[in-house]
Amino acid sequence: EALERVRNGLTAPLEYHMYRRRMDLTLLAQSAGFFKWRVHRHLRPAVFARLDDKILGRYADALGLTIQQLCCTPDAD
């Protein structure tokens, strides 16, 4: 479901990777060192597109990904 929301432009790729790693909003916030409300805000596509590499790096580290992997989703089947 999260992958479809990303493909439809309703949410950022961060949400897909968060659920793929079996995390919820609270766990991702704790792992990345952000407040929960800030992670929720970063799930919006327009906000996610403006994040700098430092913030993306924190998310990538928490999810065990590279920044490039974090910013994209798998191809359609």
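Contact here means heavy atoms within 4.5 Å. Keep that in mind as we look around this predicted model, where local features need pLDDT of at least 70, side-chain atom pairs count only at pLDDT 80 or more, and totals for chains, interfaces and linings use all residues. Residues are numbered from 1 along each chain as its sequence is written, and side-chain values use heavy atoms, with hydrogens and water left out.

Let's start with Leu63. Setting aside neighbours within four places in sequence, Leu63 is in contact with Leu14, His17, Met18, Arg21, Met23, Leu28 and Leu70.

Leu63 also belongs to the largest nonpolar core, which has 21 residues. (A nonpolar core is a set of buried Ala, Val, Leu, Ile, Met, Phe, Trp, Tyr and Cys residues joined through side-chain atoms within 4.5 Å; buried means under 20% relative accessible area, with a 1.4 Å probe and protein chains only.) Those with the most contacts inside the core are Leu14, Leu28, Val39, Phe48, Tyr59, Leu63 and Leu70. Three helices, H2, H3 and H6, each supply at least two of its residues, and the largest share, six residues, comes from H6. Helices are DSSP runs (H or I, at least four residues), numbered from the N terminus.

| Helix | Residues |
|---|---|
| H2 | 13-20 |
| H3 | 25-32 |
| H6 | 53-63 |

Now for H6 itself. Its buried residues are Ile55, Leu56, Gly57, Tyr59, Ala60, Ala62 and Leu63, and they pack against H2, H3, H4 (36-42), H5 (45-49) and H7 (67-70). Just after H6, Gly64 takes a positive phi of about 70 degrees.

How do H3 and H6 meet? Their axes, which are lines fitted to C-alpha atoms over the stretch in contact, come within 9 Å and cross at roughly 110 degrees. The two helices are therefore roughly perpendicular to each other, a label that covers angles of 65 to 115 degrees. On the H3 side, Leu28, Ser31 and Ala32 meet Arg58, Tyr59, Ala62 and Leu63 of H6. By class, that contact has five nonpolar, one polar and one charged residues.

Is His42 buried or exposed? His42 is buried, with a relative accessible area of 2%. Leaving out neighbours within four places in sequence, His42 is in contact with Ala12, Leu14, Val47, Phe48, Leu51, Ile55 and Tyr59. His42 and Glu15 are 27 residues apart in sequence, and their C-alpha atoms are 9.2 Å apart in space.

Conventions
Buried means under 20% relative accessible area, exposed over 50%, partly exposed in between (1.4 Å probe, protein chains only). Axes are lines fitted to C-alpha atoms, for helices over the stretch in contact, and angles run from 0 to 180 degrees between N-to-C directions. Angles under 35 degrees count as roughly parallel, over 145 as roughly antiparallel, 65 to 115 as roughly perpendicular and the rest as oblique. Ala, Val, Leu, Ile, Met, Phe, Trp, Tyr, Cys and Pro count as nonpolar, Asp, Glu, Lys and Arg as charged, and the others, Gly among them, as polar.
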